[in-house]
Structures are given as C-alpha cells and as structure tokens.
Amino acid sequence: MSLAEVAEVVGGTVADDVPGAASVVVTGPAFLDSREVVPGGLFAAFAGEKADGHRFAEGAVSSGAAAVLGSRPVGVPAVVVADVRDALQRLAHHVLDRLPGLRVVGLTGSQGKTSTKDLLAGVLPAAGATIATAGSFNNELGLPLTVLRADAGTRFLVLEMGARGIGHIAELCRIARPSVSLVLNVGKAHLGEFGTQQDIATAKGELVEALPEAGLAVLNADDPLVSAMAARTSARVLGFGRGAGAAVRLSELEVGPDGRPTFTLAYDGRSARVRLRLLGEHMADNATAAAAVALGLGMDLDVVAEQLGEVTALSRWRMELHERPDGSCVLNDAYNANPDSMAAALRALVALARGRGGRSVAVLGEMLELGESSAEEHRAVGRLAGELGVARVVGVGPAAAAIVEGASETSEEEPVQVQDNAAAVAWLQEHTGAGDVVLVKASRGARLDEVASALLEVDA
C-alpha cells in the first residue's frame, strides 16, 4: 500500500515535510522496535512514558523501513494520526478484508495458549502457509502487528487472544473476526482482575460469540465452563478432551522416562499414535486441542499426528530443558504461572527427574493476579509439590512464603525460603549437582528467568 492509501484507511494524513511521501509504498509488515527493522515495513512510533519512538524514526527508515506511522511529522515519509494504536487496528482490519481466502484461528484460555499456538504453527503449514502470534503478542497492540504480517499467500492466521477483563476479546475480534475459535480452559489465572471463574468464562466466550454461522467452535469437552459456550454460537462445534464425549479424543497417555508424552489421538472412527518431543503430560492436552483445530479445518489425522511429533520447541521460557556441564538440568518455565500451570510443571518435573534417576528441585515464585484466594492457592501449590514427591521446594521472595508453608505439610525434606533471585542461585549452586532437575517457575513479574539464566551461565 502507498502511504496515501494507508492514510486514507487509518484516517490520518501524509506528513507534508517530505516531498513525494504519499507515493512511498509499504511492502513489509508493521513493527515497533527500531532495533529490529523490517525491510519495507512500517515503523509504528509510540510516545511512551520512558521512551519516544519518534526519536528513532529517522534511523528506522535509514535502516530499511519504508515509512513511519506516528503522531507527528518526523522528517521522513510518515502517516500522522491522532492515535497510533487505533490506526494499527484499523489497518489490520483493512488488510484482512483484502485477504478473503485466509482463515483466522483465534484461541484463548487460562493456560496453555502460547504452547497450543506454537503447536498449531507447527501443524497447519502442512495444509498451507501459516502466520502465528510471535511469543505472546496477544493484546490490542500485538494482535494487529501479527495480522499485518499476513499477505496474499497466507492461508491460516493463528491469533492468540488474551483478556484482562470482559470485553477485551470482543475488541480483538472486531479487529480480526475468527472463522475458527478455540477455547482451551477456564482456570484461576487473573481471578484478582475478574472476580470469579464465571466472569472469566464470560470473557473467554466472547471469542465463540464472534464466529460467523459458517465458523467452527473448538471447545474443551472436559471443562464444563468451556463446553457450555456451545450455546453462545450457531457455528459448528467440535469438542476435544479425554472424556468419552469428546469428538477429538486423547487416550492411552504415557509419559516416558524423558518426560515426553505419547498418546492415542482418535477422531471420526480413526486413531493415530502421537509421540511428542515436548516435555510434560499437559502438552498432550495442548496437542489434542491443536489437533482438533487442524482436523476441523479438514486435515488428515495421520498428517496431523506426524506434524505434532515434529514440533521441537515452544516460545521462550516455556518448558525449556537445558543440561549444565555438571550433569544437572534446568527446566525453565519462567514465563508465567498460575495454579493449573504450576501443577502441570511440577508433574513434568517429577517425571523427568524420575527418568533421569536424579532429585527434583522446584524453585517457585509468586503467582500474580489471584485476588483474595492468593495465599491459599500458593499453599496448595506447595502441598501438591510434596504430594507429587518433589525432593526439595525453594520459595523465592516474601510472596512465596505460602508455597513453603504448604510444602512443609507434605514434603519429606524441609522446604527452603530465600529472599531473592540471587539467594536462590547461591543456594542452588551449593545444593544441586549431577542428575538433579531444577524447575524454575513463577509469574513473569517475579523475573525468575534471571535464576535460570544465572544457572546456565555457571561453568558454561
């Protein structure tokens, strides 16, 4: 699109400080970081509290960007608008309207969104060119940036959608209306913001309500709050899960000594055996959800099973397994945490440590946004760690004291409380060694990724 066309779509004007700017053509996607310039792309310049992107506009264009989308002229080809975020959303909506052959797959859930999105990004390319959300760019800004990576050759656009309140997913669906909506689960993440799980279900169900009549709702048949969303759409419904009522069913699940699951995937009278390269029993559930989407879109069961088994990596800091020179392993799942994802990671830790014949050590930090139930949920995580047989629980930071308290009720070895990340690293360096598996997990705000990074740099 030329800058004149962009300006018309977003309700802006081409800055008049550069002769001929209106005819400049944008050939690449939009981007935010001037240090990661996309050739031919559109640099979206935001004026924030800590940094003003307009200051880097000239550098972005000199490094290969076609033009700038900003709130003031910047001395290089630019479209000037009152609200850059709103303009990106308008532009994304317009681009989708120009790509009628593209299928938009929207997915949401309290946990597992990003891993399932990554699995879909590994499966759907067997049926056509696929663009998927990078990392967890799942909000009002990240979603339009993902949309603007699509072009005429894209067949599937996989969009992770997060919500911090009722109405948020509906807003995202107005930018990119899904033709397939996948709802994974309704858990306890963000209870502090929503209030109740029913409120979370109301918000997540907006993704289902946005479907056209010819669309497809892929719903977790094992989660009553999710399966009930079938009543909120006239689109076709396809259920997945472990129960007998699931159309796409997971069964005969086994977790090997390497912590990787193998299971049978059944659909429409046929079945196939799937062996994942990813860690943790819960990845089988995520894989079944991804399979349901692919099967609903018409892919062959054997192809889906084969593609699932080829996925080797997820987004950063999600069940990353690294071996240290001393023979111990670090399982870095530090991107985020809630009660359900904590439980899944702990089970994966125990299975992996058992397979390696070593001790399991869980380094756990605070789970944010749990509201009034926070203290009890943290205690429950600690109790579960002991019940599962985690050898040693290390709580990091004052907020993790409740985890240690819960672990002390069920653990054979006394759990450890440390004040901060540095103290956690020091304790681990002294008390772990060959064969041990160390899980590092907390909400992003706890920054336990620093612990994992420090451990992996030691003796490297």
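Two strands are taken to pair if DSSP finds at least two bridges between them. Strands (E, at least two residues) and helices (H or I, at least four residues) are DSSP runs, numbered from the N terminus. The model is predicted, so local features need pLDDT of at least 70 and side-chain atom pairs count only at pLDDT 80 or more, while totals for chains, interfaces and linings use all residues. Residues are numbered from 1 along each chain as its sequence is written, and side-chain values use heavy atoms, with hydrogens and water left out.

An open sheet is formed by 9 strands, in the order β7-β8-β6-β9-β10-β11-β12-β13-β14, with mixed pairing. At its edges lie β7 (130-132) and β14 (270-275), each of which pairs on one side only. Strand β7 pairs with β8 (residues 156-160) in the parallel sense over 3 bridges. Within this pairing, A132 has V158 of β8 as its bridge partner.

Residue S179 is found in the loop between α6 (168-175) and β9 (180-183). Beyond its neighbours within four places in sequence, S179 is in contact with R103, V104, L211, P212, G215 and L216, contact being heavy atoms within 4.5 Å.

Elsewhere, the charged end of R318 sits over the ring of Y335, 3.8 Å from the ring centre. This description requires CZ of Arg or NZ of Lys to be within 6 Å of the ring centre and within 35 degrees of the ring normal.
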